[in-house]
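Let's walk through this one together, question by question. Here it is for you to look over.

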Amino acid sequence: MQNRRQLLQALTAVLVGGAAPAGAFAGVPDITRKGQLTMTRILTVATSADRMTPGTEPTGVWIEELTTPYYAFRDAGAEVTLASIKGGAIPVDQRSVNADGENDASVERYLKDEALKGEVAGTPVFTSIDPAGYDALFLPGGHGTMFDYPGSEDLARLVERFDREGKIVAAVCHGPAGLVSAKKADGTPIVAGRRVAGFTDSEERAVGLDQAVPFLLETRLKELGAKHEGGPDFAPFALRDGNLVTGQNPASAARTAELVMDALKDKVA
């Protein structure tokens, strides 16, 4: 527990652009130092949905769920490619962006990062990218994912390929919506029998969007045979089941990224 606490403190220091506290990495897995994931490539596929159809409620990616893992991976030395379902600008849910100084550290960093903002504003469609050279697939959340991830046969096939090849598949919050249509080689759901986290039904009701989404994510995952697990509403919770890593909500983005890096380390150990 002490090691984990030290590691999270170190990650936080790195995300805000500063140096980790002296001795922060003593006795803990060294996954945040520059170069630890050198030669590692991570493909991040974000939503392109900007409306909660059939209504007109704006939506998109929850920016913290993109920026926290992005900087954690990059600061650890990995190459991160941003793509989206349709290509072009990734719609950002404006409810996930507050006034300057009132955001998560990674979002504050993003707001001052013209290079990353440029990437977010002009992504390639994910099907134009050859996945062969990538070690992990990451699916950030946001309510937009509920409206385009499940219906994308190409995304389902991409998830299936990464999983079949033993590569890391990771998703946070509503990102596991990208898992619901994927299947194993025998035709059963890819989540069946596996431990999975995701935005809970009680969290969906708490934010008042349980009637706006096409389905409740926790319920759907359970219907598909997943062993859904969760922590208290809106508290950090993430888990790893082999090469599958999932997190519950925006607060879980850092822990989800940490587990992804643990999994990547294990593959080269």
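**Contacts, sheet and packing**

Among contacts in the chain (heavy atoms within 4.5 Å) between residues at least 6 apart in sequence, 75% join residues at least 24 apart. This is a predicted model, where local features need pLDDT of at least 70, side-chain atom pairs count only at pLDDT 80 or more, and totals for chains, interfaces and linings use all residues. Residues are numbered from 1 along each chain as its sequence is written, and side-chain values use heavy atoms, leaving out hydrogens and water.

Reader: What is the order of the strands in the open sheet?

Author: Happy to trace it! Strands are DSSP runs of E with at least two residues, and helices runs of H or I with at least four, numbered from the N terminus; two strands pair if DSSP finds at least two bridges between them. The six strands show mixed pairing, in the order β4-β1-β5-β6-β10-β9.

Reader: Why is one side of β4 and of β9 left without a neighbour in the sheet?

Author: Both strands, β4 (79-84) and β9 (238-241), stand at the edges of the sheet.

Reader: What percentage of the chain's residues count as buried?

Author: Buried means under 20% relative accessible area, with a 1.4 Å probe and protein chains only. Of the 269 residues, the share that counts as buried is 55%.

Conventions: Buried < 20%, exposed > 50% of the residue type's maximum accessible area, 1.4 Å probe, protein only.
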